Amino acid sequence: MKPDHTSLLLTPDASAGRRCRQIVAERGLGLGVKILTWPELMEEVRLAYLLPPIADDWADTIKQAISEMTGGFWHRSFEVDPNGTTSVVTAALEEAIRSGGK
């Protein structure tokens, strides 16, 4: 293996990542191997290309978007209770995304 080469192993979650790191360490395979989850990989890419940080909590982004959209069906609710409306819209969007259209 070239010294400037790194192999990436993508794991589905942090628990699987820890288990893979343990196996790699026990077998002495650690040189040139980096074990990452998807969010960790995205962070590596962001840092490599000097991109701005990714917002972890997108509720602020949703709140800003709702406040700027005066024609949305939630506009009146937002005027009365911005945080509550943002919470409900965020939960609905997360549920829609996680369901995968099912």
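In the predicted model, a polar atom of the Arg46 side chain lies 2.7 Å from the backbone oxygen of Leu51. Arg46 belongs to helix 2, which covers residues 38-48. Although arginine carries a polar side chain that takes part in this contact, Arg46 counts as buried, at 12% relative accessibility. The cut-off for a buried residue is a relative accessible area under 20%, and the value of 12% for Arg46 falls under it.

Helix 2 also contains Glu44. With a relative accessibility of 34%, Glu44 counts as partly exposed. When residues up to four places away in sequence are not counted, Glu44 touches Lys34 and Leu36. Glu44 and Asp57 are 13 residues apart in sequence, and their C-alpha atoms are 19 Å apart in space.

The loop between helix 2 and helix 3 includes Leu50. Most residues other than glycine have a negative phi. Leu50, which is not a glycine, has a positive phi, near 55°. Leu50 counts as exposed, at 76% relative accessibility.

Helix 3 spans residues 59-68, and its buried residues are Ala59, Ile62 and Ile66. These residues cover an arc of only 60° around the axis, so they lie on the same side of helix 3. An α-helix has 3.6 residues a turn, and therefore residues three or four places apart point the same way. The face of helix 3 turned away from the buried side carries the exposed residues Asp60 and Glu68. The buried residues of helix 3 pack against helix 4, residues 75-80, and helix 5, residues 82-99.

Helix 5 has 18 residues, which should span 26 Å at 1.5 Å a residue; its end C-alpha atoms are 26 Å apart, in agreement with that value. The buried residues of helix 5 are Thr85, Thr86, Val89 and Thr90. Seen down the axis of helix 5, the buried residues fall within an arc of 130°, and they therefore line one face of the helix. The face turned away from this buried side carries the exposed residues Asn83, Val88, Glu95 and Arg98. The packing partners of the buried residues of helix 5 are helix 3 and helix 4.

Thr86 is part of helix 5 and is buried, with a relative accessible area of 5%. A polar atom of its side chain lies 2.7 Å from the backbone oxygen of Pro82. Leaving out residues up to four places away in sequence, Thr86 touches Ala59, Ile62, Lys63, Ile66 and Phe78. Among these are Ala59, Ile62 and Ile66, the buried residues of helix 3. Ala91 is also found in helix 5. With 42% relative accessibility, Ala91 counts as partly exposed. Ala91 and Ala59 are 32 residues apart along the chain, and their C-alpha atoms are separated by 9.4 Å.

In soluble globular proteins, nonpolar side chains tend to be buried together. In this model, the largest nonpolar core has five residues: Ile62, Ile66, Trp74, Phe78 and Val89. Two of the core residues, Ile62 and Ile66, are buried residues of helix 3, and Val89 is a buried residue of helix 5. Apart from its neighbours within four places in sequence, Phe78 is in contact with Lys63, Ile66, Ser67, Thr85 and Thr86. Of these partners, Thr85 and Thr86 are among the buried residues of helix 5.

Trp74, another member of the core, is buried, with a relative accessible area of 18%. Phe73, in contrast, is exposed, with a relative accessible area of 78%. A pair of aromatic rings is described by the distance of the centres and the angle of the planes. The structure holds one aromatic pair. The pair consists of Phe73 and Trp74, whose ring centres are 4.8 Å apart and whose planes stand at 70°, so the arrangement is edge-to-face. The cut-off for this class is an angle over 60 degrees.

Arg76 lies in helix 4. Arg76 and Leu93 are 17 residues apart along the chain, and 19 Å separates their C-alpha atoms.

Terms used: Residues are numbered from 1 along each chain as its sequence is written. This is a predicted model: local features need pLDDT of at least 70, side-chain atom pairs count only at pLDDT 80 or more; totals for chains, interfaces and linings use all residues. Side-chain values use heavy atoms; hydrogens and water are left out. Buried means under 20% relative accessible area, exposed over 50%, partly exposed in between (1.4 Å probe, protein chains only). Helices (H or I, at least four residues) and strands (E, at least two) are DSSP runs, numbered from the N terminus. The arc is that of the directions from the helix axis to the C-beta atoms. Contact means heavy atoms within 4.5 Å. A nonpolar core is a set of buried Ala, Val, Leu, Ile, Met, Phe, Trp, Tyr and Cys residues joined through side-chain atoms within 4.5 Å. Rings of Phe, Tyr and Trp (its six-membered ring) pair if their centres lie within 6.5 Å; planes under 30 degrees apart count as stacked, over 60 as edge-to-face and the rest as tilted. The expected span of a helix is 1.5 Å times one less than its number of residues. A polar contact is a pair of N or O atoms within 3.5 Å; within protein, one must be able to donate a hydrogen and the other to accept it, and residues adjacent in sequence count only if both atoms are side-chain atoms.
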